Amino acid sequence: MKSGNSSRSMLNKRPSTDKTTSAGQTVLEARFARAQAELSGSREKLLRLILQNPEDTFFLSSRELAKRYRVDAATIVRTIQALGYAKFAEFAADLRAHFITRITPYTLLKAASREKRTLDDRIHNSLETDLRNLQSLQSSIDTRRVIQLSKLVKRARRIVVVGIDLAASLSWHLSYGLMSLGFAAEGPVGGTGNIQKRVRSLTSKDLLIAISFKQGLRETVEAALRAKKQGVPTFGITDGVDTPIARICDSFCTTQVTSVSFANSYVAPMALLGTILVACAHTRTARTLALLRRSEEEDRADHRWYWSPANGKGLA
């Protein structure tokens, strides 16, 4: 269900720390575009090379970057100053953000392999990256959007959660959690046909939740587009305000999936799903408690949980 224009504008306001522009460019690309007319031919060529190969350069110091492109360090400093940067560290931060938005599994692993780290260092770096993603979610989460989604869930006749490939694990987790709370939710699996058939049957009384990150998987984006055309309320879970999912859905939540591996990190998205389930559980607490009480009684009667005699008898 859409909110009014003013409330939607308030909810979807781009945070000041965002590293993309309204045109879908990274901050670095936007600075380059603005300064391009004033750049000399050599500086323009240098910046194009850096922008086109961020996986080779985002981790380099100014001296290392100068060596990489066979120029002196002063040339690097003057070139980034032409883009409006006062310090190399500011440029490096935007270059890393640019790299992350253009990342693929291949470029990620290729970039990681260039860093001089031991395997032990890489393992700890992976955990540290996950922790930073969680800290980013904790500091930036918009609880109004989570509450808004819980209200949509409460009103919806049916809820379809679409997540493809690795994001299917998120779709399954959220849909299973919502079913446990008594909501008619499903996370369809399979090919395009199965997902689109589910979406095609939705109406304005239902809800579609689309989960996809970065440029978005085609099937997920198309499911959101179809639902939107049918007047179905849509909510997105993604990692940026300018991703296709964020642009298409009525509202959305963002969470970082930055990883040092070849796959997205879903530590922060799983934490976000936890907040959504908490909000949904407390939109009708009495009903939730009644459902969980009945479920607990049935689990005991069905001997769902493994139990071993104290003396160990009965074990295979």
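**Entry 1: ground rules**

I call a residue buried under 20% relative accessible area, exposed over 50%, and partly exposed in between (1.4 Å probe, protein chains only). By that rule Q196 is buried, because its relative accessible area is 7%. My notes concern a predicted model, where local features need pLDDT of at least 70 and side-chain atom pairs count only at pLDDT 80 or more, while totals for chains, interfaces and linings use all residues. Numbering starts from 1 along each chain as its sequence is written, and side-chain values use heavy atoms, leaving out hydrogens and water.

**Entry 2: the whole chain**

I looked up the chain totals next. The chain has 16 helices and five strands; these are DSSP runs, helices being H or I of at least four residues and strands E of at least two, numbered from the N terminus. Of its 316 residues, 42% count as buried. The accessible surface comes to about 17,500 Å², with 55% of that belonging to carbon and sulfur atoms; such areas come from the Shrake-Rupley method with a 1.4 Å probe, and for residues only the protein chains shown count as cover. I also checked contacts, meaning heavy atoms within 4.5 Å. Among contacts between residues at least 6 apart in sequence, 68% join residues at least 24 apart.

**Entry 3: the sheet**

In what order do the strands of the open sheet come? I read it as 2-1-3-4-5, five strands with parallel pairing; two strands pair if DSSP finds at least two bridges between them. Strand 2 (185-186) and strand 5 (251-254) are the edges, each pairing on one side only.

I then went through the pairs:

- Strand 1 and strand 3 run parallel and are joined by five bridges, with V160 opposite L208 of strand 3.
- Strand 3 and strand 4 are parallel too, over four bridges, and I211 has I237 of strand 4 as its bridge partner.
- Strand 4 and strand 5 run parallel with four bridges, and here I237 stands opposite C253.

**Entry 4: strand 3 and its cover**

Are the residues of strand 3 buried or exposed? Five of its five residues are buried. On one side I find L207, I209 and I211, and on the other L208 and A210, with both faces covered.

Helix 13 lies across strand 1, strand 3 and strand 4, at about 155° to strand 3. For such angles, axes are lines fitted to C-alpha atoms, for helices over the stretch in contact, and the angles run from 0 to 180 degrees between N-to-C directions.

**Entry 5: the cores**

I looked for nonpolar cores, which are sets of buried Ala, Val, Leu, Ile, Met, Phe, Trp, Tyr and Cys residues joined through side-chain atoms within 4.5 Å. The largest has 32 residues, and I159, L174, L178, I209, I237 and I276 have the most contacts inside it. Helix 10 (143-155), strand 1 (159-163), helix 11 (168-180), strand 3 (207-211), strand 4 (234-238) and helix 15 (267-281) each give two or more residues to this core. Helix 15 gives the most, with eight residues. A second, separate core of 21 residues includes F32, L51, L60 and L65.

Q196 lies in helix 12 (residues 192-200). Which residues does Q196 touch, not counting those up to four places away in sequence? I find E219, E222, A223 and R226.

R117 sits in the loop between helix 8 (105-114) and helix 9 (119-140). It counts as partly exposed, because its relative accessibility is 35%.

Most residues other than glycine have a negative phi. I noted two with a positive one. R70, in the loop between helix 5 (62-68) and helix 6 (73-82), has phi near 55°. At a relative accessible area of 80%, R70 is exposed. D165, in the loop between strand 1 and helix 11, has a positive phi of about 55° although it is not a glycine. D165 counts as exposed as well, at 60% relative accessibility.
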